[in-house]
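The sequence and structure come first.

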Amino acid sequence: MLKKSQVEGILTAALMGGAEFAEVFVEDKDNTRLSYLDDKLDSISLGRDYGLGLRLIKGFEQVYAFTSDLSEKNLLALAKSSAEALSGKSGQKVMAFENQPARQVNMIRILPGEIALRKKLDLCKEAFHTAKDYDPCIVQASAMYMDEDQKVLIANSEGLWVEDQRVRTRFMVSAVASDGKDMQTGFMGPGASQGFEFFEDHDVNAIAREAARIATTMIKADYAPSGAMPVIMDNAFGGVLFHEACGHGLEASFVSKGVSVYTGKLGQQIASPLVTALDDGTLLNGWGSSGYDDEGTPTQRNLLIENGVLKSYLVDRLNGKRMGLASTGSARRQNYRYAPTSRMNNTFIAAGNSTREDIIANTEYGLYAKSLGGGSVDVTTGEFNFAVAEGYLVQDGKIVKPVRGASLIGTGLEVLQKIDMVGDDFALGQGMCGASSGSIPAALGQPPLRISKLTVGGR
C-alpha cells in the first residue's frame, strides 16, 4: 500500500484542475479459482490484482482513471492528466488524513492463502463424484471453488483514510440431468465472507447432493401450467425476485436520474403492510458484508421498506449529492478499474408470522417456486421475467408434484403490493450481481411468502 505522503501528492495534483473532491482507491487482491469437470481439473486461476483508481468530482461531473503501475512518477502523471479533464483552477487543499478505526464485521480465522491448493482441489473432486453418482440420469457435473483476500486503502481530499480487508470463500456445484430428450440443471453455490473455516459449516457433499437432487427432480417433472395464479416464493433464492425487480430500482444511481419506478416515492405506501425490507452490509460473515464500503463510508443496516412504506434508498456519494441525501454505506465496485456507485450488499425481506406449512395449506391452487434461475428486468418500469429453477404445483393446500418450464412475469411494484402472507423461516442465498461498477458479491433472501396473483408462463 502507499504512504500517506504519496497519497497526498496524488490528491494535490488531482485537485489542480478545479475538482472539488478527489479520492484514491488502492487494491491488493489475491484470488483462487478452481473448476473440476469430467473427472479432471478443467481450469485453474491463481491471480493477484494490484492497482489504483483515482476519482475526481466537480459539481455533478465525475472523472475516473486507473492504473496498475503504482510508481510515483506514473501516479502523479495520472493525477495531472485526470485533472486536465476538468476546467478551472484549484481552490481545494488536501486535509490532514485521519485514520478510521478497523471494523471487524467479518471474523476470519483461516486465511485461504494458508491452505494448500491440493486440499482445495480435493474438495472439488469429492463433490464432483458425489453429484455425478447421485442418479443414473445425471450426465454431467462440475464443482467450483473460489476464494479471495482483498486489501483496500481508500483516501480522499477531505482527510479520510480507511484500510479494510475483505476475505470471501464460495463453493459451487452444478449437475445436469437428461432423460434422453431434454436436460435440466441443478445448482447450489453457498458463499460467505469467511476464510477456509467456511467448510466447517458447509459440507461439499451435501451441496453436491442438493444440486443433483434439483436436476433429477426437474427432469422427471411434468410441464408447468400457465396463467394468473397465486405464487409461493420460497426463502433464500426466492429473494432474487426482490433483488432484481425491486432492489435495483432503489439504488440511487437510478433514482437520482429519475429513471426508477421508485423515484419520488419516499414515505409512500408502495408495498403490502406485511413487507419490511432491508439492506445490511454489517451482517456477520455475510457474503456482501464489509467494514467499509468502497468510498470508505462505514457499512450499515438500511431500512428500505417498513410495513409497506418506502423509507430509504441505497445511496453513494455522487448520487447522494444529486439527491441531497447522505451516503448509506452502499457504494461498491468490482475492483480498482471501476468507479463506485450505489449497489446492494445483503438485501432481504424480513420474516413474518406465518409458517411455510400455513402458506401452502391456505393456497387452493398455485405454483410453489422453490428457487429461481435467470431472468431479465427493466429497472425503469420494474417489469421482469424470471425462470423457475425448481417448482411444484399446489392443489387443495398441498404440494402435489414437481413442474418444470415455469416463468414468472410481472412488475416489482405489483409483486410488493400483492404479497398477502409472509413466513417465519428466513434464509439468505449468495450470488454475483452485475451493474455499471462491475460484478460484486451480493446476498439476497426472504422467508417463504405468497403473491396472491402473478402471471405464470408455462409450456
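## Terms and basis

Residues are classed as nonpolar (Ala, Val, Leu, Ile, Met, Phe, Trp, Tyr, Cys and Pro), charged (Asp, Glu, Lys and Arg) or polar (the others, Gly among them). The model is predicted: local features need pLDDT of at least 70, side-chain atom pairs count only at pLDDT 80 or more, and totals for chains, interfaces and linings use all residues. Residues are numbered from 1 along each chain as its sequence is written, and side-chain values use heavy atoms, with hydrogens and water left out.

Helices (H or I, at least four residues) and strands (E, at least two) are DSSP runs numbered from the N terminus.

## Cavity

A cavity is a set of points on a 1 Å grid over the protein atoms alone where a 1.4 Å probe fits but cannot get out; lining residues have an atom within 4 Å of a point. Grid points are joined across faces, edges and corners, and a volume is the space filled by probe spheres set on the points.

One cavity of 30 Å³ or more is found in the whole structure, and the largest cavity has a volume of about 60 Å³. Its lining includes Met233, Phe242, Ile349, Leu416 and Gln446. Two or more lining residues come from each of α6 (240-247), α10 (412-417) and β24 (449-457). By class, nine lining residues of the largest cavity are nonpolar, two are polar and none is charged.

## Sheet

Six strands form an open sheet in the order β13-β12-β11-β16-β23-β22, with mixed pairing; strands pair if DSSP finds at least two bridges between them. The edge strands, β13 (309-310) and β22 (427-435), each pair on one side only. Strands β16 (346-349) and β23 (438-446) run parallel over three bridges, and Phe348 stands opposite Gly445.

## Pocket

A pocket is an open set of grid points with protein on both sides within 12 Å along at least five of seven lines. The largest pocket has a volume of about 980 Å³. Among its 46 lining residues, Phe187, Met188, Phe237, Ser371 and Leu372 lie nearest its centre. Strand β22 gives the largest share of this lining, seven residues. The lining of the largest pocket has 19 nonpolar, 18 polar and nine charged residues.

Contact means heavy atoms within 4.5 Å. Residues of α3 that meet α5 include Leu123 and Ala127, and those of α5 include Ala208 and Ala212. The contact of α3 with α5 has six nonpolar, two polar and two charged residues.
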